[in-house]
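Thanks for coming, everyone. Let me bring the structure up on the screen, and then I'll walk you through it.

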Amino acid sequence: MNRQNPEAKQFNILHVVSQLPVGGVENMLLKVISGYDRKRFRASVCCLRTGGEIADKLRRRGYEVVVLNKMKGHGFDIGAVADLYRLIKKKNIHILRTHQYHANLYGRIAGILAGVPVMIPSFHNLYISPHRPKMHRRVFNCLLGLFTDVMVGVSEAVSSDIIRYDWIPRKKVRTIYNGILLEDYQEKLSKIEARKRLGISGSGVIVGTVGRLTDQKGHKFLIEAIAKINDVRLVIAGDGPLRHNLERLAEKIKDRCLFLGTISPEKIPIFLKSLDIFCFPSLWEGLPVALIEALAAGLPVVATDIPPIREVLTGAGILVPIGDTDALAQALKQLLDDSALMADLRSKAIKRAEIFSIENTVKSYEELFIQGLKRKGLFHEI
């Protein structure tokens with residue numbers, strides 16, 4: 001297809017990422033690309049460093065994934081820019097979507113040199129997470145922003161950071177929430193059967209959480225809170241560098257804490273079905289998809305009071321201060337002692353999850369593509 005043909009009905013989109021293992025950003029990319037209108041948009045993916053399981057899934061679904069094997073050292077990799085430039089020219093890219101700092105950097109430089117009509121970088125995390133962004137990154141983002149059509153933050157909190165730290169005009173920033181397939185979380189299994197499939201024995205009350213075992217996710221505060229509550233078990237899904245330390249901390253509640261390790265995305269709905277309460281004690285987030293999944297599963301939620309979580313819940317859960325073990329324990333006790341509150345939060349959770357459908361996410365991006373193409377005179381209504 002010739003880029004200069006305004007009557008063309010199909011446009012080429014290239015997504016650029018560093019790599020594609022199983023992870024939040026990577027899983028979201030898989031869902032969004034799979035949702036595009038294939039009659040209008042032809043999507044492909046470029047991994048700067050390595051591929052991964054999500055790359056394999058994309059290939060099985062018929063999408064081309066190119067792995068450059070770049071960024072092996074610590075300095076700026078001019079070869080990554082050169083390879084991206086050649087790929088963009090070869091594939092005649094109309095829309096360039098980049099994700100996270102390095103892909104946003106290399107992708108936009110190559111896109112500018114190749115004359116890509118529409119460039120849309122995505123930002124998935126807060127800038128203070130936990131440290132302030134490096135000044136050189138802010139300067140690069142600011143300068144590249146001059147050549148960027150629109151920047152996407154996955155939450156209003158993230159969008160506000162782009163404006164504040166990168167000195168980007170508000171009119172150039174758009175918030176588009178990450179979405180999920182809501183029907184995937186309306187699991188038909190009984191709670192008992194869900195627990196059996198995951199190897200969770202017993203029928204008592206279970207509080208659960210899912211996330212990588214790092215300081216960011218605040219698991220230690222949840223373990224300490226559960227220690228203050230009788231007759232409640234804690235089940236943690238996920239793995240990471242703090243697992244050994246957290247298992248040692250959990251010795252104080254002995255057999256009331258179970259670490260499931262990493263579970264596949266396909267099993268997350270089953271895991272959520274096995275729970276009575278979902279707890280998310282994270283210290284910082286961009287947009288917590290795990291929390292959205294819990295809402296879609298109709299679980300009452302207790303979570304930390306930080307802007308992105310507050311933005312997701314908007315009253316569909318109980319918020320507690322960061323790192324406040326006593327407040328966390330008290331909120332969990334409040335739910336356990338109030339069945340009416342539990343029922344009310346379940347209802348609010350399901351209703352709130354509706355705005356985070358993957359259909360809404362894909363539609364928002366496609367509208368953004370069309371707006372950009374129209375500004376460049378490449379899209380005419382048929």
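Start with one residue. Ser44 counts as buried, because its relative accessibility is 4% and the cut-off for buried is under 20%. Keep in mind that this is a predicted model. Where is Ser44 found? It is in strand β2, residues 41-47. Which residues does Ser44 contact, leaving aside its neighbours within four places in sequence? They are Ile13, Leu14, His15, Glu64 and Lys91.

Now zoom out to the sheet around it.

Let's move to β5. Is this strand enclosed or open? Six of the six residues of β5 are buried, so the strand is largely enclosed by the rest of the structure. A general point here: in a regular strand the side chains alternate between the two faces of the sheet. See how that looks in β5. Val118, Ile120 and Ser122 point one way. Met119, Pro121 and Phe123 point the other way.

Who are the partners of β5? On one side, five bridges join β4 to β5, and the two run parallel. Ile95 stands opposite Val118 in that pairing. Then there is β6, which pairs with β5 in the parallel sense over two bridges. There, the bridge partner of Ser122 is Val152.

The connections follow. β4, helix α4 (residues 100-114) and β5 make a right-handed β-α-β unit. β5, α5 and β6 make a right-handed β-α-β unit too.

One step on, β6, residues 151-153, pairs with β7 in the parallel sense over three bridges. Gly153 stands opposite Thr175 in β7.

Val232, Leu234 and Ile236 point one way from β9. Arg233, Val235 and Ala237 point the other way. Note the arginine in that list: Arg233 is buried as well.

What pairs with β9? Six bridges join β8, residues 205-210, to β9, and these strands run parallel. Gly208 stands opposite Val235. The chain crosses from β8 through helix α8, residues 219-226, to β9, and the crossover is right-handed. β9 also pairs with β10, residues 257-261, in the parallel sense over four bridges. Ile236 stands opposite Phe259 there. The path from β9 to β10 runs through helix α9, residues 243-249, and this crossover is right-handed.

Last topic: aromatic rings. How many aromatic pairs does a search of the whole structure find? Ten. Take Tyr127 and Tyr165. Their ring centres are 5.7 Å apart and their planes are at 15°, so the pair is stacked; planes under 30 degrees apart count as stacked. The pair links distant parts of the chain, 38 residues apart. Tyr127 sits in the loop between β5 and α5 (135-145), and Tyr165 in helix α6, residues 156-166. Both are buried: Tyr127 at 11% relative accessibility, Tyr165 at 3%.

Then Tyr177 and Phe356. Their centres are 5.0 Å apart and their planes at 55°, so this pair is tilted. Here the separation is 179 residues. Tyr177 is in the loop between β7 (173-175) and α7 (191-198). Phe356 is in the loop between α14 (339-353) and α15 (358-375). Tyr177 is partly exposed, with a relative accessible area of 22%, whereas Phe356 is buried at 0%.

Tyr36, Phe41, Tyr365 and Phe369 form it. Arg97 lies over the face of Tyr365, at 3.8 Å from the ring centre. Elsewhere, Arg137 lies over the face of Tyr101, at 4.0 Å from the ring centre.

That's the tour.

How values were computed
Residues are numbered from 1 along each chain as its sequence is written. This is a predicted model: local features need pLDDT of at least 70, side-chain atom pairs count only at pLDDT 80 or more; totals for chains, interfaces and linings use all residues. Side-chain values use heavy atoms; hydrogens and water are left out. Rings of Phe, Tyr and Trp (its six-membered ring) pair if their centres lie within 6.5 Å; planes under 30 degrees apart count as stacked, over 60 as edge-to-face and the rest as tilted. Buried means under 20% relative accessible area, exposed over 50%, partly exposed in between (1.4 Å probe, protein chains only). A charge sits over a ring if NZ of Lys or CZ of Arg is within 6 Å of the ring centre and within 35 degrees of the ring normal. Contact means heavy atoms within 4.5 Å. Two strands pair if DSSP finds at least two bridges between them. A crossover is right-handed if, with the strands pointing away from the viewer, the path from the first strand over the helix to the second runs clockwise.
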